[in-house]
Amino acid sequence: MTVNVQKDGTKLTLIVEGRLGTNTASELETVVKENIAGVTDLVYDFGKLEYIASAGLRILLSSAKTMRKQGTMKIIKVPETVMDVFTFTGLVDVMDIEPA
């Protein structure tokens, strides 16, 4: 998994590629913790994400909790396989998620 960080003022875009699983979730968590201070608009770009596990979902939930206090969070370009996970877990009902 790779994470490309794009910061534009108070907007933070995290472009996540590959597989977000148990072994890679801590890497994304570190990137989020290092960059989320002062952010009012957090965007996860999942256009090249192939897979997400429960450890990845935990990071998204944690990010959403933080962003409720300081701004907004959106997940964009979600591939069908990952969208299925969001639908199955009910996250589509509680997060701003846009399919690819």
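**Exercises: fold and aromatic cluster**

The chain has three helices and five strands; these are DSSP runs, H or I of at least four residues and E of at least two, numbered from the N terminus. This is a predicted model: local features need pLDDT of at least 70, side-chain atom pairs count only at pLDDT 80 or more, and totals for chains, interfaces and linings use all residues. Residues are numbered from 1 along each chain as its sequence is written, and side-chain values use heavy atoms, without hydrogens and water.

**Exercise 1.** Give the order of the elements.

Start at the N terminus. The run reads β-β-α-β-α-β-α-β.

**Exercise 2.** Compare the radius of gyration with the globule rule.

Step 1: take the rule, 2.2 Å times the number of residues to the power 0.38, over C-alpha atoms. Step 2: for 100 residues, a compact globule would have a value near 13 Å. Step 3: the chain has 12 Å, which agrees.

**Exercise 3.** Describe the two aromatic pairs.

Step 1: set the cut-offs. Rings of Phe, Tyr and Trp (its six-membered ring) pair with centres within 6.5 Å; planes under 30 degrees apart are stacked, over 60 edge-to-face, the rest tilted. Step 2: Tyr44 and Phe46 lie 5.8 Å centre to centre with 55° between the planes, a tilted pair. Step 3: Phe46 and Phe86 have centres 6.4 Å apart and planes at 20°, so this pair is stacked. Phe46 is in strand S3 (residues 41–52) and Phe86 in helix H3 (residues 80–89), so the pair ties together parts 40 residues apart in sequence. Step 5: join the pairs. Tyr44, Phe46 and Phe86 form one aromatic cluster.
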